[in-house]
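Visitor: I have the sequence and the model open. Can you walk me through the fold?

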Amino acid sequence: LDIGTTDAIMIYYRSDMTTLQSLHGEVITLDILMYGYRTDYLVFYANFFGTLDDVVVNIVDDAEAVAAALDAVDFDPVIIEGTTLELPSELFGVALTYSSTNEAIINSTTGVVDLTGLTDLQAVTIRVSAERGTASDTKDIVIQVGVLPIIDIADVYDDVAIAEGTLVKVQ
């Protein structure tokens, strides 16, 4: 934080920053659990434990609202257990719709992730379409879904070549 910054607030450690990051630069209203003032940085600090549903946002510009809504929609890049993704139909007055490159694995209507029959990781792309007023845009999110490849601990010690960034399960 720049010491010369005014009209700022530091959102502290245990707060869910991803909830607020998509609203950077917007004027918002939110309830905070506790707050104080730091004299070393001359700034207020706060803890926020809510979700986007707890933030009041009034974004006037349609294009800004669409961009903020798309930034707010995000999923884990790797899913190795059955789950249900949260697919909001509206954020900041922006209508959101979803499609999936593999509806059998990730259902774009219900958000259900079904790993039945998967023996490895499969890349599934979720396309998020956003529309408000005259503004519209899309965002593609690639998710690796399935079962991690299993390698033996001896292979790890034997320095078996595993590509950097590859997820594996060691037994």
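This is a predicted model: local features need pLDDT of at least 70, side-chain atom pairs count only at pLDDT 80 or more; totals for chains, interfaces and linings use all residues.

Visitor: How many bridges pair β11 with β12, and in which sense?

Guide: There are 12 bridges, and the pairing is antiparallel. Strand β11 covers residues 121–132, and strand β12 covers residues 135–146. As examples of partners, I126 is bridged to I141 in β12, and V128 stands opposite K139 in β12.

Visitor: What is the strand order in the open sheet?

Guide: The order is β6-β12-β11-β9-β8, five strands with mixed pairing.

Visitor: Which strands stand at the edges?

Guide: β6 (78–79) and β8 (90–91) do. Each has a single partner strand, so one side of each is left without a neighbour in the sheet.

Visitor: In which sense do β6 and β12 pair?

Guide: They pair in the parallel sense, over two bridges. I79 has V145 as its bridge partner in β12.

Visitor: What does helix α2 lie across?

Guide: Helix α2, residues 62–72, lies across β8, β9, β11 and β12. It runs at about 5° to β12.

Visitor: Take V73. What is V73 in contact with, leaving aside neighbours within four places in sequence?

Guide: L91, L96, Y98, V128, K139 and I141.

Visitor: Changing topic: how many salt bridges does the structure hold?

Guide: Two. In one of them, the side chains of R132 and D62 meet at 2.8 Å, N to O. R132 lies in strand β11 and D62 in helix α2, so the pair ties together parts that are 70 residues apart in sequence.

Visitor: Is R132 buried or exposed?

Guide: R132 is buried, with a relative accessible area of 15%.

Visitor: And what does D140 form a salt bridge with?

Guide: With R127, the closest N and O atoms being 2.7 Å apart. D140 is in strand β12 and R127 in strand β11, 13 residues apart. D140 is partly exposed at 42% relative accessible area, and R127 also counts as partly exposed, at 36%.

Visitor: Now the serines. Where is S108 found?

Guide: S108 is in the loop between β9 (94–100) and β10 (112–113). Its relative accessible area is 12%, so it counts as buried.

Visitor: Which side chain does S108 join in a polar contact?

Guide: That of E103, at 2.6 Å. Not counting residues up to four places away in sequence, S108 touches L87, Y98, S99, S100 and E103.

Visitor: S100 is on that list. Where does S100 sit?

Guide: S100 is in strand β9. It is buried, with a relative accessible area of 14%. Its side chain reaches the backbone oxygen of I106 at 2.9 Å. Apart from neighbours within four places in sequence, S100 is in contact with I106, S108, V124, T125 and I126.

Visitor: Last one: how many residues lie between β3 and β4?

Guide: Four, and the two strands form a hairpin. L42 in the turn has a positive phi of about 55°. Strands β3 (residues 34–38) and β4 (residues 43–47) run antiparallel and are joined by five bridges. One of the partners in β4 is A46, which is bridged to Y35.

Note on methods:
Residues are numbered from 1 along each chain as its sequence is written. Side-chain values use heavy atoms; hydrogens and water are left out. Buried means under 20% relative accessible area, exposed over 50%, partly exposed in between (1.4 Å probe, protein chains only). A polar contact is a pair of N or O atoms within 3.5 Å; within protein, one must be able to donate a hydrogen and the other to accept it, and residues adjacent in sequence count only if both atoms are side-chain atoms. Contact means heavy atoms within 4.5 Å. Two strands pair if DSSP finds at least two bridges between them. Axes are lines fitted to C-alpha atoms, for helices over the stretch in contact, and angles run from 0 to 180 degrees between N-to-C directions. A salt bridge is a side-chain nitrogen of Lys or Arg within 4 Å of a carboxyl oxygen of Asp or Glu.
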